[in-house]
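Here's a quick tour of a protein model, written for someone who likes to know the cut-offs behind the words. Have a look at the fold below before reading on.

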Amino acid sequence: MRIILYLGKGGVGKTTVSAATAVRAAAQGKRTLVVSTDLAHSLADCLQTNLTSEPREIATNLWAQEVNVLDEMRQGWGKLQESMTKTLRKQGINAVLANELALIPGMDEIVSLINIYRNARDGNFEVVVIDAAPTGETVRLLSMPDTFQWYAGRIMGLQNNLGFARPLLKAVLPIPTSEIVDAVNALSERVKTLREVLSDPAVSSYRPVVNPERMVIKEALRAETYLALFGYPIDAVVCNRVIPAGDYQDAFMQDIYQTQEKLRQRIHQTFAPLPVWEAPYRSREILGIDALGELATTIFGTNDPTQVFHRGPIQEIVQEGDTYILRLPLPHVEMDKVSMSKHGDEMVVEIGNFKRDITLPSILANQEATVARFVNRALEIHFSAPSEQTDKSA
């Protein structure tokens, strides 16, 4: 199975590019599902058909779906939320607040991802194309598996560590019941599998969609950094709405073309070595399966849009003498924008509003992070034995 997710600033053409990719994949004989996770769905309009929250076949080998987060929340979390609400109500918390507290942060994103993966697996789809929400919402969506695992680990740890104190604490604290813990544990296992699939470069690819505009390019560069932070592989970039070269007589059009051309070249240079596919600016909207198929040919030519176009570096640990180096590719970010802290076997890396908890291997858990620097578009964190251990060994 291949999962391809298109992301970018709102209005750059993600829906059109996603639909075109899906139409092309279906035309190649692959069972294909195209899914929209944006709350403001426009996939149905692009395909010129009605869609529901369940996959619907709209052409040979082509299914489409617009995820309804509220429905998925009721089906996937409803019973457990009710159980947690009752537990909180018993502690004297009012109904409205208890209902809100029963939701683990980001549960709507988790449910959406699980829904997509479940439909892809159960429907035996060979290709799943995701038309994602604007960049910020998509990064939050993709960061949720890590965040949920953290919350789930704390809930299950609380259950395991209470021991004999449980009867005493139960009277004053909303201790999670075995039903809640079991449900969270089961969901945690599904999220763990989902995380592995989403970060497997042989299965999943992430493709920013950009226009030749400065603000759009900057947002795409930030998205590339955040995806690298969470280990999600980008294999290509699509530059949409490119004004083709021509002998423009109008001064206004000449200025627009010259400005775009400089930014277009910058896109190719900045995102290298990622391949950049281009789609020209059209005089009218691209609607319907036939028009989308033509667009796919314009963008990808004779190439299969579902192939992996680029395999980049991943998080790695190397040893140099007595020092271990954790290398994390983070393109397009400055050192003063990165904040790091280490707590036991966890390394927390923060960039802007996003953070990632990296669970360190046992060999690094007891070592100190001594140096952090950027080398060849990657953050390198150096670890060495604490000074006390070094003195003893000497």
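This is a predicted model: local features need pLDDT of at least 70, side-chain atom pairs count only at pLDDT 80 or more; totals for chains, interfaces and linings use all residues.

## The largest cavity

The largest cavity is lined by I3, L113, I116, Y117, I130, L194 and L198. Two elements give two or more residues to that lining, α5 (107-122) and α8 (178-198), and α5 has the largest share with three residues. Helices here are DSSP runs of H or I with at least four residues, strands are runs of E with at least two, and both are numbered from the N terminus. By class, the lining of the largest cavity is seven nonpolar residues, no polar and no charged. For the bookkeeping, Ala, Val, Leu, Ile, Met, Phe, Trp, Tyr, Cys and Pro count as nonpolar, Asp, Glu, Lys and Arg as charged, and the others, Gly among them, as polar.

The volume of the largest cavity comes to about 40 Å³, and the structure holds one cavity of 30 Å³ or more. The search runs on a 1 Å grid over the protein atoms alone: a cavity is a set of points where a 1.4 Å probe fits but cannot get out, a pocket is an open set with protein on both sides within 12 Å along at least five of seven lines, and lining residues have an atom within 4 Å of a point. Grid points are joined across faces, edges and corners, and a volume is the space filled by probe spheres set on the points.

## Ground rules

Residues are numbered from 1 along each chain as its sequence is written, and side-chain values use heavy atoms, with hydrogens and water left out.

## Strand β1

I3, from the cavity lining, also has a bridge partner, S204 in β6. β1 (residues 2-8) and β6 (residues 204-210) pair in the parallel sense over five bridges; strands count as paired if DSSP finds at least two bridges between them.

β1 is mostly covered, with seven of its seven residues buried. Buried means under 20% relative accessible area, exposed means over 50%, and partly exposed is in between (1.4 Å probe, protein chains only). Both faces are covered: R2, I4, Y6 and G8 are buried on one side, and I3, L5 and L7 on the other.

## The second largest pocket

The second largest pocket holds about 520 Å³ of space. Of its 26 lining residues, G13, T16, N240, R241 and E285 are the closest to the centre. The elements giving two or more residues to this lining are α1 (14-27), α2 (43-47), β5 (127-134), β7 (237-242) and β8 (276-280).

## Helix α9

α9 (residues 214-229) has 16 residues, which should span 22 Å at 1.5 Å a residue, and its end C-alpha atoms agree with that at 23 Å apart. The expected span is 1.5 Å times one less than the number of residues.

α9 is mostly covered, with 12 of its 16 residues buried; among them are V216, I217, E219, E224 and Y226. Just after α9, G231 takes a positive phi of about 80 degrees.

## The four-stranded sheet

Four strands make an open, antiparallel sheet in the order β9-β10-β15-β14. β9 (316-320) and β14 (368-375) stand at the edges with a single partner strand each, so one side of each has no neighbour in the sheet. Neighbouring strands are turned by 25 degrees against each other on average, direction ignored; axes are lines fitted to C-alpha atoms, for helices over the stretch in contact, and angles run from 0 to 180 degrees between N-to-C directions.

Going across, β9 and β10 pair over five bridges, with E320 opposite T323 in β10. Their hairpin has two residues between the strands, and G321 there takes a positive phi near 65 degrees. In β10 (residues 323-329), six of the seven residues are buried. β10 and β15 share six bridges, and β14 and β15 (residues 378-384) share seven. H382 in β15 stands opposite I325 and also opposite V371.

## An exposed glycine

G352 sits in the loop between β12 (346-351) and β13 (354-359). At 56% relative accessibility, G352 counts as exposed.
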